[in-house]
Amino acid sequence: MELDLSPQLAKKVYESNGGSYYAWSPSELPMLREGNIAAAKLALQKNGFALPQYSDSSKVAYVLQGSGVAGIVLPESQEKVVAIKKGDALALPFGVVTWWYNKEDTELVVLFLGETSKAHKTGEFTDFFLTGANGIFTGFSTEFVGRAWDLEEKDVKALVGNQSGKGIVKVEGNIQLPEPQEEHRKGMALNCEEAPLDVDIKNGGRVVVLNTKNLPLVGEVGLGADLVRLDGNAMCSPGFSCDSAYQVTYIVRGSGRAQVVGVDGRRVLETTVKAGNLFIVPRFFVVSKIADSDGLEWFSIITTPNPVFTHLAGSIGAWKALSPSVLQAAFNVDEELEKLFRSKRNADAIFFPPPN
């Protein structure tokens with residue numbers, strides 16, 4: 001049975017007056033289940049508060065829009081309160097408790113991409129809320145809550161009874177959530193729009209790679225990531241992950257065309273991609289993208305913390321490493337055509353500006 005690689009949009013799972021939560025379903029995007037991958041988005045309105053929770057999966061979070069505050073509690077450590085803004089990436093290992101808050105007028109939107117090999121459901125995140133109408137507190141009896149937290153019955157009933165919201169609530173009244181601490185941000189977040197560029201090709205594109213060097217926590221998460229910005233009508237070289245990793249791509253901005261070639265040289269995907277689309281490239285399959293005139297920007301995770309890619313075209317392409325006679329024999333062409341082929345793209349690597 002052939003897998004459908006078509007890009008998909010997220011569907012709303014739940015909402016409140018504080019915001020909404022969206023997810024991609026393995027039934028609509030089968031590669032999620034095949035690759036043990038999950039994807040979701042959190043959108044918070046002004047004063048929206050995503051209640052404290054932990055998940056059955058390790059994740060990378062990426063801020064798509066707005067600014068706000070993230071509360072993060074790593075196992076056996078103190079709470080870190082981190083200011084977040086558009087372009088920030090955060091690595092969230094197993095067992096981390098998080099909450100998210102937006103006090104600004106602009107909607108805060110956070111993308112979550114993660115690995116589900118140890119999850120309850122393959123291809124889906126399962127979140128466990130500490131509070132709320134579907135929180136851990138509500139599942140235990142009054143006796144157990146009272147014994148565990150040394151509370152009287154009336155206090156337990158007040159705690160449990162006041163938890164009417166599910167997942168996302170709106171903070172009202174005089175409650176002041178913690179202010180972010182600058183020192184808490186170190187090692188917890190990296191802004192991909194401000195970080196030093198790993199690749200910068202004039203009129204071609206730019207890349208920032210998230211790995212154990214610039215965000216050590218990705219080692220615990222077991223995922224690498226990158227932000228790629230392709231200029232108008234530029235092309236990203238055909239390439240593949242050579243360390244048996246899946247590539248999960250979310251289109252942040254713009255539009256373009258994508259092709260994926262798999263086993264036996266078959267083109268398994270030829271499609272237009274646009275902002276909000278998610279698609280997954282199987283292991284060792286070759287993918288290439290061409291941006292439309294307005295450019296194309298995407299955020300990807302790769303299911304290894306320090307990914308390695310092989311590009312087939314450009315100055316660092318695999319073809320350049322092969323001997324001329326090997327190329328001539330492999331393509332079954334004369335020496336003149338082999339020389340012409342080898343002479344191209346000597347100055348361009350990874351990204352190719354549009355033709356003149």
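View 1. Phe 128 is partly exposed, because its relative accessible area of 25% falls between the two cut-offs (buried is under 20%, exposed is over 50%, with a 1.4 Å probe and protein chains only). This is a predicted model, so local features need pLDDT of at least 70 and side-chain atom pairs count only at pLDDT 80 or more, while totals for chains, interfaces and linings use all residues. Residues are numbered from 1 along each chain as its sequence is written, and side-chain values use heavy atoms, leaving out hydrogens and water. Nine aromatic pairs turn up here, where a pair means rings of Phe, Tyr or Trp (its six-membered ring) with centres within 6.5 Å; planes under 30 degrees apart are stacked, over 60 edge-to-face, and the rest tilted. One of them is Tyr 54 with Phe 128, a stacked pair with 5.2 Å from centre to centre and 10° between the planes. Tyr 54 belongs to strand S4 (residues 48-55) and Phe 128 to strand S11, so this pair ties together parts that lie 74 residues apart in sequence. Strands here are DSSP runs of E with at least two residues, helices are runs of H or I with at least four, and both are numbered from the N terminus. Tyr 54 also counts as partly exposed, at 30% relative accessibility.

**View 2. Phe 331 meets Phe 341 edge-to-face.** These ring centres are 5.2 Å apart and the planes sit at 65°, so the pair is edge-to-face. Phe 331 is in helix H8 (residues 324-331) and Phe 341 is in helix H9 (residues 335-343), ten residues apart. Phe 331 is partly exposed at 38% relative accessible area, and Phe 341 is partly exposed at 36%.

**View 3. Asp 127 and its contacts.** Look in strand S11 (residues 127-129) for Asp 127, which counts as buried at 18% relative accessibility. Its side chain makes polar contacts with the side chains of Ser 55 (3.4 Å) and Lys 59 (3.4 Å). A polar contact is a pair of N or O atoms within 3.5 Å; within protein, one must be able to donate a hydrogen and the other to accept it, and residues adjacent in sequence count only if both atoms are side-chain atoms. Skip the neighbours within four places in sequence, and Asp 127 is in contact (heavy atoms within 4.5 Å) with Tyr 21, Gln 53, Tyr 54, Ser 55 and Lys 59.

**View 4. Lys 59 over the rings of Phe 112 and Phe 125.** The charged end of Lys 59 sits over the Phe 112 ring, 5.1 Å from its centre. That charged end of Lys 59 also sits over the Phe 125 ring, 4.5 Å from the centre. "Over" has a rule: NZ of Lys or CZ of Arg must be within 6 Å of the ring centre and within 35 degrees of the ring normal.
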